[in-house]
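Let's walk through this protein together, from its overall form down to single residues. Keep the viewer open as you read.

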Amino acid sequence: MIKQELTYWVTLALIPKMWTKRKNEIYVNCFKHNPQISIIELFEDSSIWEEVGLNEIEKIQFEESRAQLANNSFLVDELMAQGYDILPITHEDYPKLLKENLKFNAPTVIYTKGNISLLQEPSIAIVGSRSANVKSLSFTDNIAKNATKNNKVVVSGFAKGVDRQALDSAVETNGKSIIVLPQGIMTFGSGFKQYFKHIVQGRVLVMSTFAPKAPWSVEFAMARNPIIYGMASEIFVAQSDEKGGTWSGVIDGLRKNRLIYVRYPEKNEKNANLLLIQKGASAVDVTGNIISLSPEEQKTPEQLNKEKLDSELITILNSVEKLSAKEVITRLHLSWKDDKMKRYLNNMEQVEKIKVRNRIYYRLKGNTQLGLFDGQI
């Protein structure tokens with residue numbers, strides 16, 4: 001693709017306050033137009049803006065972006081001179097899997113440095129917490145090394161914890177990896193120095209979907225996660241919390257029927273891995289082999305403890321007419337406050353609340369053996 005076209009593609013990608021999906025929709029309208037409208041004509045001929053479906057606000061955005069064409073031309077020159085590749089979504093080297101997985105939400109342009117053939121090779125992603133435990137890092141190491149043995153590319157987000165372990169385990173065993181940046185590619189100077197040998201050897205590719213000189217930001221770190229998932233045929237989860245980028249990425253992937261494998265946690269581990277397995281992810285052992293779990297094995301320690309407490313409560317209430325919250329606490333030998341027990345009992349479907357002489361008691365539903373002066377509320 002000639003430099004002039006790249007300038008216009010970069011300009012389209014850098015239009016502020018316009019969703020990526022909308023940018024891609026606009027270009028598709030140009031592609032379907034008869035005769036077909038080029039990316040250059042889209043910017044230079046404002047008479048066609050109505051035909052390709054631009055609204056009034058979008059026309060202003062395109063008009064303002066045309067004023068940036070000269071600056072973006074210099075930016076393209078700078079990128080090409082420093083050995084970066086600029087890949088619009090129509091480019092033959094643009095990752096096909098990314099378009100397949102993200103469709104209209106695939107980045108309009110990606111910026112890369114390294115062996116671009118890695119973008120088309122079979123790939124996996126290993127994701128997880130920045131503060132991953134030893135078990136999770138060991139799992140990550142195993143999966144990355146298995147990927148190397150099977151000639152698969154490991155996709156990494158370059159964050160601390162699982163991401164960095166996945167990358168380093170791959171390159172240390174002469175494997176291949178794609179680093180997906182949460183920043184502009186031209187701001188990754190120290191990273192290029194660190195992985196220079198692997199990039200030159202064609203075993204590491206660095207890519208970014210953000211403005212080339214954009215610094216790291218939390219917003220970019222979150223926006224990068226769908227790219228990591230979109231770049232991989234299979235996703236392995238080392239460790240997830242019940243919120244954050246790993247959790248949201250897996251939930252989104254499960255909705256899209258992606259192949260997602262979650263490490264089955266050991267007892268007393270505090271993470272959300274079991275919850276993800278309950279939601280449909282496949283459980284795997286520490287080496288990545290799929291394991292079959294009984295319904296009981298899929299339950300979290302918290303769920304098991306709740307079931308045990310519910311059973312004990314039902315047994316106690318089944319043996320008496322009624323009990324106050326304080327009496328329940330005493331019989332169960334718990335160190336709870338009255339208010340905590342009241343809230344818990346109120347949330348149990350099998351239990352109902354009654355008032356007896358201005359005092360609150362609890363009983364199993366259906367137990368109607370009330371005293372002469374008892375009244376239900």
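Helices (H or I, at least four residues) and strands (E, at least two) are DSSP runs here, numbered from the N terminus. The model is predicted, so local features need pLDDT of at least 70 and side-chain atom pairs count only at pLDDT 80 or more, while totals for chains, interfaces and linings use all residues. Residues are numbered from 1 along each chain as its sequence is written, and side-chain values use heavy atoms, with hydrogens and water left out.

Start with the whole protein. Its secondary structure comes to 16 helices and 11 strands. Along the principal axes, the C-alpha atoms fill a box of roughly 90 × 55 × 35 Å. The radius of gyration is 28 Å, whereas a compact globule of 377 residues would have one near 21 Å; the radius is taken over C-alpha atoms, and the globule rule is 2.2 Å times the number of residues to the power 0.38. The accessible surface is about 19,500 Å², and 51% of that belongs to carbon and sulfur atoms. Such areas come from the Shrake-Rupley method with a 1.4 Å probe, and for residues only the protein chains shown count as cover.

How much of the protein is buried? Of the 377 residues, 49% count as such, where buried means under 20% relative accessible area, exposed over 50%, and partly exposed in between (1.4 Å probe, protein chains only). Among contacts (heavy atoms within 4.5 Å) between residues at least 6 apart in sequence, 64% join residues at least 24 apart.

Helix 7 covers residues 134-149, and its 16 residues should span 22 Å at 1.5 Å a residue; the end C-alpha atoms are 23 Å apart, which agrees. That expected span is 1.5 Å times one less than the number of residues. The buried residues of helix 7 include Phe 139, Ile 143 and Ala 147. Among the elements that cover the buried residues of helix 7 are strand 3, strand 4 (153-156), helix 8 (162-172) and strand 7.

Helix 12 (residues 245-255) is mostly covered, with eight of its 11 residues buried. Trp 247, Val 250, Ile 251 and Leu 254 are among those buried residues. They belong to a set that packs against strand 3 (123-128), helix 11, strand 7 (234-239), strand 8 (259-263) and helix 13 (273-278). Just after helix 12, Asn 257 takes a positive phi of about 60°.

Helix 11 (residues 218-230) also holds Met 222, which counts as partly exposed because its relative accessibility is 43%. Together with Trp 216 and Val 218, Met 222 makes a nonpolar surface patch of about 320 Å². Patches are made of residues with over 30% relative accessible area and no salt bridge; like charges are joined within 9 Å, and nonpolar side chains (Val, Leu, Ile, Met, Phe, Trp, Tyr) within 5 Å.

Which charged pairs meet in salt bridges? The structure holds 19 of them, each a side-chain nitrogen of Lys or Arg within 4 Å of a carboxyl oxygen of Asp or Glu. Arg 363 and Glu 352 form one, at 2.6 Å from N to O. This pair links distant parts of the chain, with Arg 363 in strand 11 (residues 359-364) and Glu 352 in strand 10 (residues 351-356), 11 residues apart. Both residues are buried. Glu 269 and Arg 263 form another bridge, with their closest N and O atoms 2.8 Å apart, and both of these are buried as well. In helix 2 (residues 20-32), Glu 25 and Arg 22 lie three residues apart, about one turn of the helix, and their side chains meet at 3.5 Å.

Finally, look at some loops. Pro 35, between helix 2 and helix 3 (39-44), is joined to Asn 34 by a cis peptide bond, with omega about 0°. Lys 17, in the loop between helix 1 (3-13) and helix 2, has a positive phi of about 55° although it is not a glycine. His 333, in the loop between helix 15 (325-332) and helix 16 (338-346), has a phi near 60° and is exposed, with a relative accessible area of 71%.
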